Amino acid sequence: MKKDLYKDIRLFLLAIIAVSLFFSCSSVPSGIAEEITYHGEQLHRYLTIIKDVTTKAEKSKDTITYYCNQKGQLIIERVGTDSLQDYTYSYAGDTIHKTHIKDQLDELLDGYYIVKNGLIVEANNTLDYYTYTYDNKRRLVCRDTPNVSCGRQTNILQWKGEKILPDKSLNITYRDTGEKTNYHNLYYFWMFGSGIRIPIPFITLGYMGVIPEGDISSYSFSSKDKDFDFKSQLITEYDKEGRPTRIEETVTTLNENNKQDSSKHVTQYIW
């Protein structure tokens, strides 16, 4: 079980490097349309994510823009600004299908989501199959991966009110300003709640139930195998609705020489 958990943590570390999140109130970069038309339907830009990652080995920048229809349904996920890759979402009964549009003649089913009572209970894509369980307050309490290459892994989320509590593997530290806030703990919930398998708009549109609150200052993982240890420091800015607009994240790990390596991740969310 611990071996499987370590593999899961390694995936999370890779995900942090590849897709760490940040939000900003800045304007949308040129080349990103506020409105597009798909199959004759007018779509509006819901969210743009701009990700900047700096490590000793490389520096990268990626952009993802999500478009919704007038019903508030996510329809298009557009990756890139120059060379675009589009993914579409279609709705049939309790199933949401995700399709990769390579070109006008080439469409590839990329996965699907099963929705019950307005909540995603299954997520199946080319990498993994996840199931999700909620309590009677619509809070996510369990993510299960019953059939994946690294073995079964079950993650239990414990709550106190609308905050997620630390568990034995992942330590969480919250900032406490002494004032009541509505800060959405969206980044951590996407990483360790959904398992980086649920698009951010599905979370903010309510498909994952209650979005946990709290301003996380850091989280870390410690184990007997130091290869999997990491610590992440977060500085987050929020808009008036409590949504993150900018997160500056510094991730510290141990390299093969048992020395500390750090990387910086800045992601903007333009709502």
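**The cavity and what surrounds it**

By cavity I mean, on a 1 Å grid over the protein atoms alone, a set of points where a 1.4 Å probe fits but cannot get out. Grid points are joined across faces, edges and corners, and a volume is the space filled by probe spheres set on the points. On that basis, the largest cavity holds about 80 Å³.

Before going further, a word on the source. This is a predicted model, in which local features need pLDDT of at least 70 and side-chain atom pairs count only at pLDDT 80 or more, while totals for chains, interfaces and linings use all residues. Residues are numbered from 1 along each chain as its sequence is written, and side-chain values use heavy atoms, with hydrogens and water left out.

Which residues line the largest cavity? They are His184, Asn185, Leu186, Tyr187, Tyr188, Gly214, Ile216, Leu234, Thr236, Tyr238, Pro244 and Ile247; a lining residue has an atom within 4 Å of a point. By class, eight of the lining residues are nonpolar, four are polar and none is charged. Here Ala, Val, Leu, Ile, Met, Phe, Trp, Tyr, Cys and Pro count as nonpolar, Asp, Glu, Lys and Arg as charged, and the others, Gly among them, as polar. At least two lining residues come from each of helix H2 (186–193), strand S16 (230–238) and strand S17 (244–254). Helices (H or I, at least four residues) and strands (E, at least two) are DSSP runs, numbered from the N terminus.

Now to H2 itself. Eight of its eight residues are buried, so H2 is largely enclosed by the rest of the structure. Buried means under 20% relative accessible area, exposed means over 50%, and partly exposed is in between, with a 1.4 Å probe and protein chains only. The buried residues of H2 are Leu186, Tyr187, Tyr188, Phe189, Trp190, Met191, Phe192 and Gly193.

Ile164 is buried, with a relative accessible area of 3%. Beyond four places in sequence, Ile164 has contacts with Leu157, Gln158, Trp159, Ile172, Tyr174, Tyr188, Phe189 and Pro212, where contact means heavy atoms within 4.5 Å. Between the C-alpha atoms of Ile164 and Tyr188, 24 residues apart along the chain, the separation is 9.5 Å.

On to S16, where we find Phe230. Is Phe230 buried or exposed? Phe230 is buried, at a relative accessible area of 3%. Its C-alpha atom is 5.5 Å from that of Thr252, although 22 residues separate the pair along the chain. Phe230 also touches Ser220, whose other contacts, leaving out residues up to four places away, are Ser169, Leu170, Asn171 and Lys231. Ser220 belongs to strand S15 (residues 216–221) and is buried, with a relative accessible area of 16%.

**The whole chain**

Overall, the protein chain has three helices and 18 strands. Of its 271 residues, 49% are buried. Among contacts between residues at least 6 apart in sequence, 49% join residues at least 24 apart. The accessible surface, from the Shrake-Rupley method with a 1.4 Å probe, comes to about 14100 Å², and carbon and sulfur atoms account for 47% of that.

How confident is the predictor? pLDDT is its confidence in each residue, from 0 to 100. The chain has a mean pLDDT of 83, with 80% of residues at 70 or more. Over residues 16–25 the pLDDT is below 50, and this stretch has 53 contacts in the model beyond near neighbours in sequence.

**Backbone details**

Last, some positive phi angles. After H2 comes Gly195, with a positive phi near 80°. Ile196, a residue other than glycine, also has a positive phi, near 55°, and lies in the loop between H2 and helix H3 (200–204). His39 is not a glycine either, yet its phi is positive at about 50°. His39 is in the loop between strand S1 (35–38) and strand S2 (41–54), and is exposed, with a relative accessible area of 71%.

Definitions and conventions:
On a 1 Å grid over the protein atoms alone, a cavity is a set of points where a 1.4 Å probe fits but cannot get out, and a pocket is an open set with protein on both sides within 12 Å along at least five of seven lines; lining residues have an atom within 4 Å of a point. pLDDT is the predictor's confidence in each residue, from 0 to 100.
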